[in-house]
Number of protein chains: 2
Amino acid sequence: MQTITIKPGVQTRAYPVFIGAGLLRDAQVLQPFVDGGTAMLVSNETVAPLFADKVRGLLGGCRVYTVNLPDGEEHKTLDNMARIIDALAENRCGRDTTVIALGGGVVGDVAGFAAACYQRGAGLVQIPTTLLAQVDAAVGGKTGVNHAAGKNLIGAFYQPRCVIADTDTLHSLDQRELRAGLAEVIKYGLIRDAGFFAWLEENMEKLLRRESDALARAIEQSCRHKAAVVAADEKENTADGGRALLNLGHTFAHAMEAALDYRALLHGEAVAVGTLMAADLSRRMGWLGGGDVARIEKIMGEAGLPASPPAAMTVEKFLRFMQMDKKSRGGKMRLVLLKEIGRAQVAADYDAGGLHATLRAFTSGGRRGGV
Amino acid sequence: MQTITIKPGVQTRAYPVFIGAGLLRDAQVLQPFVDGGTAMLVSNETVAPLFADKVRGLLGGCRVYTVNLPDGEEHKTLDNMARIIDALAENRCGRDTTVIALGGGVVGDVAGFAAACYQRGAGLVQIPTTLLAQVDAAVGGKTGVNHAAGKNLIGAFYQPRCVIADTDTLHSLDQRELRAGLAEVIKYGLIRDAGFFAWLEENMEKLLRRESDALARAIEQSCRHKAAVVAADEKENTADGGRALLNLGHTFAHAMEAALDYRALLHGEAVAVGTLMAADLSRRMGWLGGGDVARIEKIMGEAGLPASPPAAMTVEKFLRFMQMDKKSRGGKMRLVLLKEIGRAQVAADYDAGGLHATLRAFTSGGRRGGV
């Protein structure tokens, strides 16, 4: 088992991320973080049948209540957050109750937001069961739900007591879900670790075959990068850089997700396409060389990720939803772009003509066409 | 103008509470705290006609959007919080938007919670227009909404950029609202300042006649006490004392409010009755002398506040809803009781027989009868 400690700035206490195989077989990992005698296990209809009994078995003396959400990004809503609150209130749970989020990014974000708001802050443990959640969603304390107008528009910064990433849970994943998680793994290489990117280029086949050592290393490296970024800028206050760099490709991705009602793409798939678009714009601005762009296209392709937006995306839809991005200031969009592989930068002064050219190239009128 | 600085622990930046007459005539007070060029003015249908144009007039160059909630504690709901979020999203407001809460405690709590959650934290300015909000609700960073199962069950700790308490707004208050605010003013004397309590005994008539000097002094003293308590314990983490002491009478009060669907009593009225109940229990436990209890009953009576719960409250209803109190730990209620006038203490080991005797005495079977 690897343990990575997350220390989000001076404001918040440190907490551990445990990574390894078999962690859901060991009560000693979870139990110390559930201290109030009551737990609310939040999962979804896909994950609960696989792992809920296992987690319940680790909680010997606890009262354990359960909420199962429907599966899918379109269910990451304020209504489902309210369902969890209702269950907590109806069962007369106190503030010392621990909410345990068992599932992918959607479960973690909705349950985390409910924990943040219930009695202004109940306990929270994240047990991510997808690659994407293990490398990104469960770590760092962003919680929230989507709004018709934009992704993650409602939420809170709220840190869990611990994160338990049991790599065994990944064996049950759809291949499509695994690929989507790899998009976020590749992102860490792109924004801050050229060596890790090169390692990913060499080991992509092993990752797709789910070789345990390769997966564990990819997760560990990703969490270490996320920990370092979050420690420097817990609440995304740093104007140019800091936590915002984790959003490489995300302004494009969130626009696609919101414009298509969160149904067409997995989050990681949207991030893959968004990253290619960010790379394209970086090249148009003279920041990124053609060789680097080709390497990015190649690795995304080998990971089996989509290369273009769904056909329904138009330039206008991109622009409308990109303006809702949380990085915008004074109505001005701020994009994360690449200077080279391993180095990203927030650009408020990106080239508007270049952006339009990128959007045209990636939408149905452009050279790539839709998917 | 008096300025009191609130510094909620090491975690959060300090912010000012401005107290005085005519503050809504002076753009220099508000403007420095609205820096993003966009404001969302949240008020209610009673307060907006009185002051919204005045506030809008202070915001010269800003885009100003408006949401008006219905008036009343029963509208402090997650649905109304979502209405504010919808308005922010539909108008494509960025995270640098400032939410301005103009109204009483309900507006401040709902708008504050919306600001806390919108894009995980927009700007917030509190302009309280009731005495209760000026001395309590707007100061200290508790935001939230009610749930059928309990008062303030959903919310966030979220500090405003500033609080502007213009005493001129109090001239438009119903006398009933003024009296409700006095209950929270009296509370500060009871929990930590016997001298202030004595001053209130002497000056109650002036306060009820709304003499400016007396009101300003009462508000200033109350805010200074709240600032000191919040500075020591922003998030109510201190087990026995700290911020929880501000909840004198509130466990009883919240139970009445929730059991009666937030319609029967103003919050301050419920606090007045709850404080008498806490005093009664403190006497039964031998903590508080009969003379002190009589002084508390006398000042509450002179302030024109109710002395007993509505007739619909039963012992069973009290117990059911008191268990939902956020101070409960491991299912055990914790009550704030009085050792003497000017000194409160959190009691987890209160006398259960005494509590039942107090509940019986204050409900329809008891000596006092209902109102």
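Me: Over the face of which residue does B:K187 lie?

Reply: B:K187 lies over the face of B:Y188, 4.8 Å from the ring centre. A charge sits over a ring if NZ of Lys or CZ of Arg is within 6 Å of the ring centre and within 35 degrees of the ring normal. In chain A, the charged end of A:K339 sits over the ring of A:W287, 4.0 Å from its centre.

Me: Before we go on, what kind of model is this?

Reply: It's a predicted model, where local features need pLDDT of at least 70 and side-chain atom pairs count only at pLDDT 80 or more, while totals for chains, interfaces and linings use all residues. Residues are numbered from 1 along each chain as its sequence is written, chains are lettered from A and ligands numbered from 1 in the order in which they are written, and side-chain values use heavy atoms, with hydrogens and water left out.

Me: Now salt bridges. How many are there over all chains?

Reply: The total is 44, counting each side-chain nitrogen of Lys or Arg within 4 Å of a carboxyl oxygen of Asp or Glu. Take A:K151 and A:E73, which meet at 2.6 Å, N to O. A:K151 is in strand β8 of chain A and A:E73 is in the loop between β4 and α3, so this pair ties together parts 78 residues apart in sequence. (Helices, H or I with at least four residues, and strands, E with at least two, are DSSP runs numbered from the N terminus.)

Me: Is A:K151 buried or exposed?

Reply: Buried, at 6% relative accessible area, and A:E73 counts as buried too, at 13%. The cut-offs are under 20% for buried, over 50% for exposed and partly exposed in between, with a 1.4 Å probe and protein chains only.

Me: What does B:E74 meet in a salt bridge?

Reply: Its partner is B:R263, at 3.9 Å, N to O. B:E74 is in the loop between β4 and α3 of chain B, and B:R263 is in the loop between α9 and α10, so the bridge ties together parts 189 residues apart in sequence. B:E74 is partly exposed at 27%, whereas B:R263 is exposed at 60%. Over in chain A, bridges that share partners join A:E73, A:K76, A:D109, A:K151 and A:E257 into one network.

Me: How many residues of α9(B) are buried?

Reply: Ten of the ten, so α9(B) is largely enclosed by the rest of the structure. Its buried residues pack against β8, α6, α10, α12, β10 and α13 of chain B. After the helix comes B:D261, with a positive phi near 55°.

Me: Which residues have the most contacts inside the largest nonpolar core?

Reply: In soluble globular proteins, nonpolar side chains tend to be buried together. A core here is a set of buried Ala, Val, Leu, Ile, Met, Phe, Trp, Tyr and Cys residues joined through side-chain atoms within 4.5 Å. The largest has 87 residues, and A:I296 and A:L355 have the most contacts inside it. Helix α10 of chain A gives the most to this core, nine residues. Leaving aside neighbours within four places in sequence, A:L355 touches several residues, including A:F252, A:L281 and A:Y350. A second, separate core of 86 residues includes B:W199 and B:M313.

Terms used
Contact = heavy atoms within 4.5 Å.
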